[in-house]
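Hello,

Here is the structure I said I would pass on to you. Have a look at it first, and then read on for what turned up when I went through it.

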Amino acid sequence: MLTDADLELVRRATAVLDRATLDDGHQVSAAAYDERGAVFTGMNVSHFTGGPCAEPVVIGQAAASGSAPLTTMVAVLATGRQVIPPCGRCRQQLFDYFPRSRAIIRGKNGLEAVPITDLLPFPYDYRNYEPGGPAPELHVWDRYLDAARDGAKRSTVRVHDPVRPGPVRLVFEHADGSATTLAAEVTGVERKPAEVLLSSRSSLRRWRPRRRRGRPPGSSSARPRPGTPPGAAACG
C-alpha cells in the first residue's frame, strides 16, 4: 500500500507531463523524494543519438540541489499517464547510487513501492570487486551453522561454484528471511570430476573458521559488526 507521500510523488510526476511540451516520441517523467522529504522531478530527452531516461535526470537534479539520499522514485509514461517500471539501466543506476531506495511500479493489485533490490535481484555491485572490498560469499545450509561456528564442520561439497583459497563470508539463510554471516577462510580446494562425486555432484572445499585471540576452542566467535543487517552476525 502506498503512503500519502508516495501518492503525491505520482501526482508530481504526472504534473510534469501536464505542463510539458510533448512530441510523438517516447516521453517519460519521473519524480523522487529524499530522506528529508524534498521532491525532485525531471523528464527524459529523446534524440536519435540517444538520451537519458527520466530517472537519471531526476538523480542529476537531486545531486545539483545537494539532496539527501533518494528513497523513492516513480516514472510516468506520457501516453496514458501510466506508471511504468524503471528500465534495466535505470535499475542499475538506482542500485548503485541508492541501494536502499524503492521504485513505485504497477503490480498485480495496483501501484506498490518495491525495493530496488527486488527489481534487480542479481545486480552487479562494483563495491564487491574493488581492492579491499568484502570477501566473496559462500552460501551454506543453515542447519550447519552451529557446526561451522564451533569448528566441527570444516568442509562443504559444491556444484559449479568456483572459489579460491582465501577469506570468504559463509552465509546461512534462515527460513524467516534473515541470515547469519560468518567470516572464514578457505584453506584448500579439491576438485574432482562430476562422475567421481556423483552422489554429491560437486567439488570439495575446506574452510577454517576465523577465531578471535583468547577464545577457547569450540567457543562461538560470532559478534555483530557495525553496519551488519538485523539478524546477521559476523565473526573475525
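Let me begin with helix 2, where Ala54, Glu55, Val58, Ile59 and Ala62 are buried. Looking down the axis of helix 2, the buried residues fall within an arc of 145°, so they line one face of the helix. The face turned away from the buried side of helix 2 carries Ala63 and Ala64, which are exposed. The cover over the buried residues of helix 2 includes strand 1, strand 2 (39–43), strand 3 and helix 3 (88–97). Just after helix 2 comes Gly66, with a positive phi of about 70°.

Please keep in mind that this is a predicted model.

Now for the overall picture. The protein chain has 236 residues, of which 37% count as buried. Its secondary structure comes to five helices and 13 strands. Among contacts in the protein chain with a separation of 6 or more, 56% are between residues 24 or more positions apart. The protein chain exposes about 14300 Å², and carbon and sulfur atoms supply 52% of that area.

Next, the cores. Which residues have the most contacts inside the largest nonpolar core? They are Val28, Val58, Ile59, Leu70, Met73, Leu94 and Leu119, in a core of 20 residues. Strand 1 (28–34), helix 2 (54–64), strand 3, strand 5 and helix 4 (116–119) each give two or more residues to this core. Apart from it lies another core, of 14 residues, and among them are Leu9, Val10, Ala31 and Tyr33. As background, nonpolar side chains in soluble globular proteins tend to be buried together.

Leaving out residues up to four places away in sequence, Leu70 touches Ala32, Tyr33, Asp34, Phe40, Ile59, Ala62, Phe98 and Ser101. Phe40 is found in strand 2, and with a relative accessible area of 11% it is buried. If you want a distance to check, the C-alpha atoms of Phe40 and Met73 are separated by 9.4 Å, with the two residues 33 apart along the chain.

Then there is helix 1 (residues 4–19). How far apart are its end C-alpha atoms? They are 23 Å apart, which agrees with the 22 Å that 16 residues should span at 1.5 Å a residue. The buried residues of helix 1 are Asp6, Leu9, Val10, Ala13, Thr14, Val16 and Leu17. Viewed down the axis of helix 1, they fall within an arc of 145°, so they line one face of the helix. On the other side of helix 1, Asp4, Asp18 and Arg19 are exposed. The buried residues of helix 1 pack against strand 1, strand 2, strand 3, strand 4, strand 5 and strand 6.

Thr14 has a relative accessible area of 18%, under the 20% cut-off, so Thr14 counts as buried. Setting aside neighbours within four places in sequence, Thr14 is in contact with Ser29, Val76 and Arg81. Arg81 lies in the loop between strand 3 (70–77) and strand 4 (82–84). Is Arg81 buried, partly exposed or exposed? At 34% relative accessibility, Arg81 is partly exposed. The backbone of Arg81 deserves a look too, with a positive phi near 50° in a residue other than glycine. Most residues other than glycine have a negative phi.

Strand 5 (residues 102–107) and strand 6 (residues 110–115) run antiparallel and are joined by six bridges. The hairpin between strand 5 and strand 6 passes through two residues, and Arg102 has Pro115 in strand 6 as its bridge partner. Strand 9 (residues 166–173) and strand 10 (residues 179–190) also run antiparallel, joined by eight bridges. There, Arg169 has Ala183 in strand 10 as its bridge partner. Five residues lie between strand 9 and strand 10 in their hairpin, where Gly177 takes a positive phi near 95°.

Happy browsing, and best wishes

Definitions and conventions. Residues numbered from 1 in each chain as written. Predicted model: local features only at pLDDT ≥ 70, side-chain atom pairs only at ≥ 80, totals over all residues. Heavy atoms only, no water. Pairing = 2+ DSSP bridges. Helix = DSSP H or I, 4+ residues; strand = E, 2+ residues; numbered from the N terminus. Buried < 20%, exposed > 50% of the residue type's maximum accessible area, 1.4 Å probe, protein only. Core = buried A, V, L, I, M, F, W, Y, C linked by side-chain atoms within 4.5 Å. Contact = heavy atoms within 4.5 Å. Areas by Shrake-Rupley, 256 points an atom, 1.4 Å probe, with all protein chains shown as cover. Arc of directions from axis to C-beta. Expected span 1.5 Å × (residues − 1).
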